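Please examine the sequence and the three-dimensional model shown below.

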Amino acid sequence: TSLRGELRARLLRQGEGMARSVDEEEEERWTSSDLVQVCHAFAHAPPSAGQTSDRPLFDAMRDHFDDVALLRLSTGELCSLANSFGKLSQAAELGHVELFDRIGRQLARSADDIGLRGACTALSAFAQASIR
């Protein structure tokens, strides 16, 4: 099985709580930081055959990143997450506007820690996603 398929299956098991034992559940559970890395990898990888993006995966990720999950992320991870979703372009058409709103608010609270690189990454991501 492909890495993409394995990641998707693992995410579905985690989301549905299908782990078979406590040890497997702990091994299967990914942190918000882990999921930012998954988004980053999928945003920069070629899409599956016949698809323009891995939209179902990003829809599932979007639903995971609520206010609590975003609070667990560093400013760099927030910028990376915005960048990953920004690569999908039109956020309004894909239903990602609320996620960008939450990321933007969290970044605004962390403005003193963001740095020039992070700010530029976030601004570029918001522009790519057509968020104004």
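## Basis of the model

This is a predicted model, in which local features need pLDDT of at least 70 and side-chain atom pairs count only at pLDDT 80 or more, while totals for chains, interfaces and linings use all residues. Residues are numbered from 1 along each chain as its sequence is written, and side-chain values use heavy atoms, with hydrogens and water left out.

## The largest nonpolar core

A nonpolar core is a set of buried Ala, Val, Leu, Ile, Met, Phe, Trp, Tyr and Cys residues joined through side-chain atoms within 4.5 Å; buried means under 20% relative accessible area (1.4 Å probe, protein chains only). The largest such core has 32 residues, of which Phe 65, Leu 81, Phe 85, Phe 100 and Ile 103 touch the most other members. At least two core residues come from each of helix 3 (32-44), helix 4 (55-64), helix 5 (67-71), helix 6 (75-86), helix 7 (91-94), helix 8 (97-109) and helix 9 (115-128). Helices are DSSP runs (H or I, at least four residues), numbered from the N terminus. Helix 3 gives the largest share of the core, 6 residues.

Leaving aside residues up to four places away in sequence, Ile 103 touches Leu 70, Leu 78, Leu 81, Ala 82 and Phe 126. Contact here means heavy atoms within 4.5 Å.

## Helix 8 and its partners

Helix 6 and helix 8 have axes that come within 10 Å and cross at roughly 155 degrees. Axes are lines fitted to C-alpha atoms, for helices over the stretch in contact, and angles run from 0 to 180 degrees between N-to-C directions. The two helices are therefore roughly antiparallel, a term for angles over 145 degrees. The contact of helix 6 with helix 8 has 9 nonpolar, 3 polar and no charged residues. In this classification Ala, Val, Leu, Ile, Met, Phe, Trp, Tyr, Cys and Pro are nonpolar, Asp, Glu, Lys and Arg are charged, and the others, Gly among them, are polar.

Helix 8 also packs with helix 9, at an angle of about 160 degrees and with the axes 12 Å apart. Phe 100, Ile 103, Gly 104 and Leu 107 of helix 8 meet Ala 122, Ala 125 and Phe 126 of helix 9. These residues divide into 6 nonpolar, 1 polar and no charged.

## Helix 3 and helix 4

The axes of helix 3 and helix 4 come within 11 Å and cross at roughly 155 degrees, which makes the pair roughly antiparallel. Ser 32, Leu 35, Val 38, Cys 39, Phe 42 and Ala 43 of helix 3 form the contact with Leu 57, Phe 58, Met 61 and His 64 of helix 4.

Notes. Buried means under 20% relative accessible area, exposed over 50%, partly exposed in between (1.4 Å probe, protein chains only). Angles under 35 degrees count as roughly parallel, over 145 as roughly antiparallel, 65 to 115 as roughly perpendicular and the rest as oblique.
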